[in-house]
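Subject: Structure handover

Hello,

Here is the structure to look through. My notes follow below it.

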Amino acid sequence: MKETEQSPCVDCPAHNTSNLLQLGVDMSDSDYVVALAGNPNTGKSTVFNALTGLRQHTGNWPGKTVSRAEGGFSFSDRKYKLVDLPGTYSLMSTSTDEEIARNFILFGQPDVTVIVVDATRLERNLNLVLQILEITDRVVVCLNLIDEAERHGVRIDERLLAKELGVQVIPTAARQRTGLPELLRAIHDVATGNYINQPHRVRNQHKRLERAVSELAEMIERRFRGLRNSRWVALRLLEGDTVISQSVSAGDLQNISVAGVPGQQQEPAGGASNG
């Protein structure tokens, strides 16, 4: 991990605007897009409401009956759009919720993905954290429910955890709004490139398998220029992921829709305003 005084990424969003439109997100009034991910029952909705207040609306994901919430907030003269992904325990695409969360992070390329984890059940939550870190470097871990953990005698060294993961870890108690200013600062620093993560990724101990992943990732990079997640795609291909395999075969990996159909255009999702 390192902090930079000046970065070439400042004012240079990481997100893919055309893919975000296909995924139902209009960025015309926002500078950066932030995905909010996490297991169910981690307080993710509380974090979402605390950050967006009344500046939110609800609708469905394109081509799905799964509802979603979308909101906005401002920080340091920048406008952020916050997209609340379905609560999920993994990104293996064995359910609609997992497919939606995975496709948004992989193909929407949000400027920041905030992963909300339950401080009282940290070990169980880290599986999703490690999976998301296989897809993107641009992560902030929100260590939520820290107050409940302390009441149960659980003490977490967030600095050591941040060092082990290679990303910022921000302790919060969203109901009491504890830690939210620090979370906003961390989001802003990652989005603008003022803070560069160096995530630690799991490497296969089997040398032949690791070599196969590396070689396949290089082939994917040559075919799909600018794809940032080639290693993750290689792993999914080796696991036999049907959606990813079909997308690679069709040559349309970077334009996969949230409905899981390569190249199928979707209308942006609408919704009634809650604020």
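A definition to begin with: helix axes are lines fitted to C-alpha atoms over the stretch in contact, and angles run from 0 to 180 degrees between N-to-C directions. This is a predicted model, in which local features need pLDDT of at least 70 and side-chain atom pairs count only at pLDDT 80 or more, while totals for chains, interfaces and linings use all residues. Residues are numbered from 1 along each chain as its sequence is written, and side-chain values use heavy atoms, with hydrogens and water left out.

Helix pair

The axes of helix H4 (residues 122–135) and helix H9 (residues 230–238) come within 6 Å and cross at roughly 115°. On the H4 side the contact (heavy atoms within 4.5 Å) is made by Gln 131, Glu 134 and Ile 135, and on the H9 side by Arg 231, Trp 232 and Leu 235. Helices here are DSSP runs of H or I with at least four residues, strands are runs of E with at least two, and both are numbered from the N terminus.

Whole chain

The chain has 10 helices and 9 strands. Of its 275 residues, 54% are buried (under 20% relative accessible area with a 1.4 Å probe, protein chains only; exposed is over 50%, partly exposed in between). Of the contacts between residues at least 6 apart in sequence, 72% join residues at least 24 apart.

Cores

A nonpolar core is a set of buried Ala, Val, Leu, Ile, Met, Phe, Trp, Tyr and Cys residues joined through side-chain atoms within 4.5 Å. The largest one has 50 residues, and Leu 85, Phe 104 and Leu 165 are among those with the most contacts inside it. A second, separate core of 26 residues includes Phe 48, Val 112, Val 140 and Ala 191.

Helix H7

Just after H7, Gly 193 takes a positive phi of about 85°.

Loops

Asn 41 lies in the loop between strand S2 (32–38) and helix H2 (44–52) and is exposed, with a relative accessible area of 69%. Arg 177 is in the loop between strand S8 (168–171) and H7.

Regards
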